[in-house]
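This report goes through a protein chain, its charged pairs and its helix contacts. Please keep the sequence and the structure open while reading.

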Amino acid sequence: MSAVLWPVTARIVTALNQANGMGEHEAAMRLMKVVEEAGEASAAYIGMTGQNPRKGVTHTRADVADELCDVIIAATVALHAFTTTPPAVLDAKLHAAARRLHEVEVEPTAWPTPEDAYATAPTIVCEIAWTAAVARTVAKNRSGDGTDRDFWLRKAAVLDRIALQGTAGDDAGDVATNAAQRLMDMDDASVICDPRHYVRQQYARWAKHQ
């Protein structure tokens, strides 16, 4: 990241604050500036590809890069309107993105078979009893909203196992997939895969550390 990004954008913010004030309307205008710059980057790309036959090729890759830089500057300026620590907020976001990327790259195709994933799992009857007991405890004690990850992982896993048996009716697969998608949403998983494959991967990883 450029060493001058934050000092320069801070000076831009100071100048804008002095000229336009710091109200909600000004914050909205700075957000709209990001959209405007993004539109100009898109227009430059269209010009680079010659998409408009009447105009032909009007821009270069360097033009697109230049417009994208304007998008970054505009977004950085706008960020100042919504946090008092913009560098820290952006750094945290970058680190979070890096962690998700690392998780996907480490094991992008590590999809265990159901037999491997559930090799050490308790019986289905035991897991059904456990998930039912946890769900009742949460509801009775009002001690949480049932979003503990272990609960959702084990629930998704047992529903997957039930569906794999093929004895629970036609809807079992849909129920298992919905539970698996719930776990992926909770994890904010960035990998694209069958949700039930994701459950097996995560259960195998979880079981290994139990």
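Which residue forms a salt bridge with Arg149, and how far apart are the closest N and O atoms? The partner is Asp187, and the closest N and O atoms are 2.7 Å apart.

## Model and overall make-up

The model is predicted. The protein has 9 helices and 0 strands, and from the N terminus on its elements run α-α-α-α-α-α-α-α-α.

Of the 210 residues in the protein, 28% are buried. Among contacts with a separation of 6 or more, 63% are between residues 24 or more positions apart.

## Salt bridges

A search of the whole structure gives 7 salt bridges. One of them, between Arg149 and Asp187, is described above. Another joins Arg196 to Asp160, with the closest N and O atoms 2.6 Å apart. This pair also links distant parts of the chain, as Arg196 is in helix H9 (residues 195–208) and Asp160 is in helix H7, 36 residues apart. Are Arg196 and Asp160 buried or exposed? Arg196 counts as buried because its relative accessibility is 14%, under the 20% cut-off. Asp160 is at 0% relative accessibility and therefore also counts as buried.

A further salt bridge is found within a single helix. Glu36 pairs with Lys33, the closest N and O atoms being 3.1 Å apart. Glu36 and Lys33 are 3 residues apart in helix H2 (residues 24–49), which means that about one helical turn separates them. Glu36 is partly exposed, with 39% relative accessibility, and Lys33 is partly exposed at 36%.

## Packing of H7 and H9

H7 and H9 meet at an angle of about 120°, and their axes are 9 Å apart. H7 is therefore oblique to H9. The crossing of H7 past H9 is left-handed.

Which residues make this contact? From H7 come Arg149, Asp150, Leu153, Arg154, Ala156, Ala157, Asp160, Ala163 and Leu164. From H9 come Arg196, Tyr198, Val199, Arg200, Gln202, Tyr203 and Trp206. Sorted by class, the contact of H7 with H9 has 9 nonpolar, 1 polar and 6 charged residues.

## Packing of H1 and H3

Helix H1 (residues 5–20) packs with H3 at an angle of about 65°, the axes being 9 Å apart. H1 passes H3 in a right-handed crossing. On the H1 side the contact is made by Leu5, Trp6, Thr9, Ile12, Val13 and Leu16, and on the H3 side by Ile73, Thr76, Val77 and Leu79. By class, the contact of H1 with H3 holds 8 nonpolar, 2 polar and no charged residues.

Glu127 lies in helix H6 (residues 124–141). Is Glu127 buried or exposed? Glu127 counts as buried because its relative accessibility is 2%.

Leaving out residues up to four places away in sequence, Glu127 touches Pro122, Arg154, Val158, Arg161 and Tyr203.

Gly56 sits in the loop between H2 and helix H3 (61–79). With a relative accessible area of 22%, Gly56 is partly exposed.

Which residues are in contact with Gly56 once its neighbours within four places in sequence are set aside? They are Gly47 and Gly50. Gly56 and Ile46 are 10 residues apart in sequence, and their C-alpha atoms are 9.5 Å apart in space.

Terms used. Residues numbered from 1 in each chain as written. Predicted model: local features only at pLDDT ≥ 70, side-chain atom pairs only at ≥ 80, totals over all residues. Heavy atoms only, no water. Salt bridge = Lys/Arg side-chain N within 4 Å of Asp/Glu carboxyl O. Helix = DSSP H or I, 4+ residues; strand = E, 2+ residues; numbered from the N terminus. Buried < 20%, exposed > 50% of the residue type's maximum accessible area, 1.4 Å probe, protein only. Axes fitted to C-alpha atoms, helices over the stretch in contact; angles between N-to-C directions. Parallel < 35°, antiparallel > 145°, perpendicular 65-115°, else oblique. Left-handed = near helix turned anticlockwise from the far one by under 90°. Contact = heavy atoms within 4.5 Å. Nonpolar A, V, L, I, M, F, W, Y, C, P; charged D, E, K, R; others polar.
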